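Hi everyone, thanks for making the time.

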Amino acid sequence: MYRNNKEKHIFNESFKNIMLKHIFAVIVIVLICLSGSEAQYDDKRCKCICPSLLSVINTTQSSSERKTYIINVPPSECKCENVVLSKVGDQLKGKEEIFCSRCDCKYENRNTTIIKIVVILVIWVISLLVIYMLFLICLDPLLNKRIHKASTNIGYHEHNNEDDDSSTAPGTFHAMGERGNVLNRVGHQQDKWKRQVREQRRNIYDRHTMLN
Amino acid sequence: MEKFPLKGTTLSNNTIPQNHQHTLTTYQSVDTKVENSDDVYFVDDAQSRKRNTPRDSNLSSDDDMLEVNNTSSHHGQNTVLSEHIRIDDASSHISVDSDDIPGIGQYDDFHTIDWQRDIARDRMRHRYIVKKKHDSIWGLIKGAHDAWSGWLCVLLVGLFTGVAAGIIDIGASWMTDLKFGICPQAFWLNKEQCCWSYNETTFDGGNCSQWWTWPEVFSQSKDGAGPYMISYMFYIAWALLFASLSASLVRMFAPYACGSGIPEIKTILSGFIIRGYLGKWTLIIKSVGLILSVSAGLNLGKEGPMVHIACCIGNIFSYLFPKYGRNEAKKREILSAAAAAGVSVAFGAPIGGVLFSLEEVSYYFPLKTLWRSFFCALIAAFILRSINPFGNEHSVLFYVEYNKPWIFFELIPFVMLGIIGGVIATLFIKANLFWCRYRKTSKLGQYPVTEVLIVTVATAVIGYPNPYTRMSTSQLIYLLFRQCGVSNADILCDYNRNFTAVKSAIEVAAAGPGVYKAIWLLVLALILKLVMTIFTFGMKVPCGLFIPSLCLGAIMGRIVGIGMEQLAYNYPHIWIFSEACSTGVDCITPGLYAMVGAAAVLGGVTRMTVSLVVIMFELTGGVRYIVPLMAAAMASKWVGDALGKQGIYDAHIGLNGYPFLDSKDEFQHTTLAADVMQPKRNEALHVLTQDSMTVEDVENLLKETEHNGFPVIVSKESQYLVGFVLRRDLNLAIANAKRMTEEITGQSLVLFTNGNNTQSHSPPPLKLKKILDMAPITITDQTPMETVVDMFRKLGLRQTLVTHNGRLLGVITKKDVLRHVKQLDNEDPNSVLFN
């Protein structure tokens with residue numbers, strides 16, 4: 001009776017674990033597929049920041065306004081003469097040199113694919129963690145409660161205290177098949193982990209012995 | 001009475017301490033000699049017999065030993081006997097490494113490791129591998145693998161640290177900008193990346209049409225009171241969401257992921273075990289929580305926790321190599337290298353990382369570890385640089401390149417900055433410690449998530465109206481470090497400059513109204529950041545301290561810098577400026593002051609010196625600012641040390657009562673070992689005898705006492721010391737023996753001797769010589785505590801035995817030493833926890 005319930009419980013847990021792993025694998029594959037077809041944004045640019053044209057043409061007026069000129073050229077041609085003058089050269093009327101000497105040109109590159117993959121990965125990890133957290137908060141106590149109710153006769157209360165640790169050791173489940181063993185081990189690992197987290201929580205949030 | 005123990009096996013008492021080192025290096029050839037003796041232990045030990053087969057291999061140590069044997073065998077019976085014993089002593093160390101009892105050599109949670117024992121174990125293992133190397137190809141491969149596994153491990157650690165840092169940097173910068181708006185065409189880009197190829201904008205960035213702020217997403221207008229309120233609300237809502245997620249993930253999955261982690265890493269590296277502190281879940285939750293809490297706009301940085309993350313990676317990878325995974329002392333070499341990689345990626349400063357590991361966190365740092373740290377930091381920095389998370393070809397957002405000279409007179413304001421920095425830092429440490437202590441003892445500690453939410457709301461509500469606190473702290477630091485130029489259009493650079501001059505000469509100019517407004521806003525930001533950081537550091541989310549303290553210092557420095565600049569502009573002919581500033585060019589750079597101020601506050605908070613200066617100049621790529629930075633760091637450290645004793649990390653170690661024996665403090669009291677040792681005057685010392693206790697007696701002793709180890713003596717009457725055995729090993733060995741052999745009952749004798757006993761009782765004896773440490777460090781009761789403390793620090797001891805006239809008197813553990821130090825410093829000795 002007790003073992004059956006326990007089994008079911010462990011099975012649920014490990015099933016969910018395996019599901020999570022599958023979902024994760026799928027995400028990774030999708031990400032890799034997506035990453036191939038990405039050329040929407042340029043990854044190179046030459047960026048020139050210049051003061052507004054007025055400051056050169058009409059020197060009495062000082063303005064804090066800046067203009068940026070962005071163009072996709074090889075790094076060797078990332079100069080004001082190539083970038084800015086091709087666009088506004090006709091308005092400058094011979095003051096090109098004064099204007100260009102005050103422009104700040106920089107060649108930059110980036111990798112949008114990496115950014116995309118990382119951001120999507122971060123979103124996925126956070127949402128998985130949140131879903132798992134909600135599961136642990138809402139559903140897990142319900143499942144546990146059912147098991148508790150079913151097994152109160154046998155005096156099975158807290159399957160996570162120290163005494164129970166020895167009885168649920170993987171060695172005691174030798175009789176079961178290979179598959180059961182794997183599931184057991186996963187479930188056992190998870191129980192162990194939960195116990196550790198509970199212990200950490202006790203140390204930090206209740207007893208305040210650490211990490212204050 | 002005195003003569004008696006000199007006979008028989010107890011001769012080892014005299015011979016072992018002196019010869020220990022010698023026998024350790026030469027035991028192997030002696031095995032061969034004794035192989036044919038009737039020593040039961042050796043017959044049992046299959047491994048040692050196998051090892052004896054290659055007799056003709058001529059190692060130098062073998063030769064040495066044979067010589068020793070030849071000379072000593074001329075002496076009588078006693079010497080031969082003593083040799084037998086020595087051999088056994090050496091073999092007892094090998095068997096520690098052998099796998100016959102699972103779990104031997106590991107430690108329990110919250111225990112101190114025994115560096116001596118672990119290093120001896122590793123030496124044994126190494127010698128065994130070297131010996132096997134000449135046997136077969138497989139042995140050769142194994143030896144080669146062993147030799148490079150350390151480098152391989154730090155290579156992997158470096159690789160993954162770089163990747164983790166890249167993910168955190170990209171994720172955090174994206175999520176930070178999510179508070180302001182979104183890039184609808186490619187939601188994964190942050191604001192700057194979204195406007196990457198947008199043409200013809202004014203540079204303040206407000207009107208890049210691809211980036212939609214939240215009011216734009218919902219209504220069409222951009223300016224005005226309504227959209228401002230929408231932005232404000234969205235800012236607060238996102239901040240709340242991120243902070244609550246971070247706090248609840250930490251609470252749910254890995255409570256150890258909260259805080260900065262550096263005090264704990266320091267404690268762990270000094271030889272303490274905190275199980276799970278460097279585990280996978282801590283790694284995942286710390287990384288994710290860090291992204292979230294940085295994005296929430298809280299006054300915290302991701303640089304300090306990066307060290308913790310790197311150490312988690314180091315710990316996880318060390319399990320791939322049993323050499324490191326199974327040996328706690330060796331594992332700490334990898335962790336030291338990982339800490340270096342952590343700082344390396346946090347600041348893009350590989351050398352600074354190595355020095356940080358050496359100066360601040362590591363306890364045991366041999367040259368080999370230095371080189372590994374160097375390599376690890378290099379790899380990590382290289383990987384992060386290839387990921388290029390900020391698109392600026394550097395691994396930090398606030399990298400600035402300076403090449404302006406500074407004039408000699410400026411050293412005075414730099415030292416002044418150091419002094420102010422030290423004062424601010426002390427203020428911060430005291431206030432933060434007070435608040436943390438209050439949190440620890442009051443009801444506030446029961447509401448960790450609520451606390452995070454309240455602090456987040458306060459930070460967001462007060463911070464949003466001020467543009468300098470609205471932007472992320474890294475961006476603010478970048479702004480403050482930068483020079484005013486054409487590419488910097490902030491009001492901070494609103495000088496009345498003549499635009500007809502050539503661009504490279506940014507001359508001193510009168511400050512416009514924008515600068516004065518900016519100064520006021522910066523003062524407000526300084527106050528807010530200082531106060532909020534005090535409340536933030538120590539909350540139950542991952543939070544670091546480097547960035548907020550750098551920011552405080554940078555604000556302070558920039559204000560002083562602007563002041564100096566205006567002074568030089570208005571009075572260019574005072575003698576102090578007369579030489580450099582007469583031309584009006586390259587005179588005073590406020591950004592440099594910001595940098596020096598940042599170094600000063602960070603130096604005051606953490607009390608770093610060398611590593612701090614190196615980190616700062618690696619950040620700026622300018623070697624010529626070493627002297628100003630050094631002056632400021634030194635001044636700040638002096639002021640800090642004068643006003644308050646400890647840096648923030650040591651203070652937090654003290655607050656939490658971690659068993660950390662600081663090698664910086666000096667022990668100046670005149671107490672003796674006899675005053676400190678346990679047991680005190682009228683208590684009994686719990687010991688084991690070498691051959692007269694039964695299993696039942698031992699089990700009762702284990703049940704009744706809580707000591708972590710027991711000295712083994714010849715007999716209760718003589719009190720002559722034989723060795724030391726750890727409680728954990730004893731437990732494991734007894735359990736193992738009961739499982740393996742049925743005959744062991746409660747009545748079986750526990751033997752710590754060779755077992756050449758003649759009496760044949762019905763229950764066979766339980767032989768535990770393998771787990772006995774025959775070479776414990778001993779001192780006499782008259783040893784001054786100065787020496788004892790030094791021994792604990794330098795040798796990394798876990799305990800030492802106190803003898804008087806050669807008889808065992810008591811034990812001093814690390815905890816006793818820590819309590820004693822606390823007591824003499826008039827602090828509560830009970831605040832030392834664990835162990």
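A bit of housekeeping. This is a predicted model, so local features need pLDDT of at least 70 and side-chain atom pairs count only at pLDDT 80 or more, while totals for chains, interfaces and linings use all residues. Residues are numbered from 1 along each chain as its sequence is written, chains are lettered from A and ligands numbered from 1 in the order in which they are written, and side-chain values use heavy atoms, with hydrogens and water left out.

Okay, cysteines. How many disulfides does a search of the whole structure find? Four, over all chains, where a disulfide is a pair of cysteine sulfur atoms within 2.5 Å. I'll show you some of them.

Let's start in chain A, where A:C46 is joined to A:C78 with an S to S distance of 1.9 Å. The torsion about that S-S bond is about 80 degrees, so this disulfide is right-handed. What does the pair tie together? A:C46 sits in strand β1 (residues 44-51) of chain A, and A:C78 is in the loop between β2 (66-71) and α3 (80-83), so the link connects parts that are 32 residues apart in sequence. When I say helix or strand, I mean DSSP runs (H or I, at least four residues, for helices; E, at least two, for strands), numbered from the N terminus. A:C46 and A:C78 are both buried, and buried here means under 20% relative accessible area, with exposed being over 50% and partly exposed in between (1.4 Å probe, protein chains only).

Over to chain B. B:C183 and B:C194 form a disulfide with their sulfur atoms 2.0 Å apart. B:C183 is in the loop between β1 (181-182) and α8 (191-194) of chain B, B:C194 is in helix α8, and the two are eleven residues apart. The torsion is about 75 degrees, so this disulfide is right-handed. B:C183 has a relative accessible area of 0%, and B:C194 is at 0% too.

Now B:C484 and B:C493, again a disulfide, with S to S 2.0 Å. Right-handed or left-handed? The torsion here is about -80 degrees, so left-handed. B:C484 and B:C493 are buried.

B:C376 is buried, and so is B:C543.

On to the sheet. Two strands pair if DSSP finds at least two bridges between them.

β3(B) runs parallel to β5 (residues 709-713), joined by two bridges: B:L688 partners B:V712, and B:T689 partners B:I713. β5(B) and β6(B) are antiparallel over five bridges, with B:P711 opposite B:F724.

Finally, β5(B) itself. Five of its five residues are buried, so the strand is largely enclosed by the rest of the structure. Both faces are covered, with B:G709, B:P711 and B:I713 on one side and B:F710 and B:V712 on the other.
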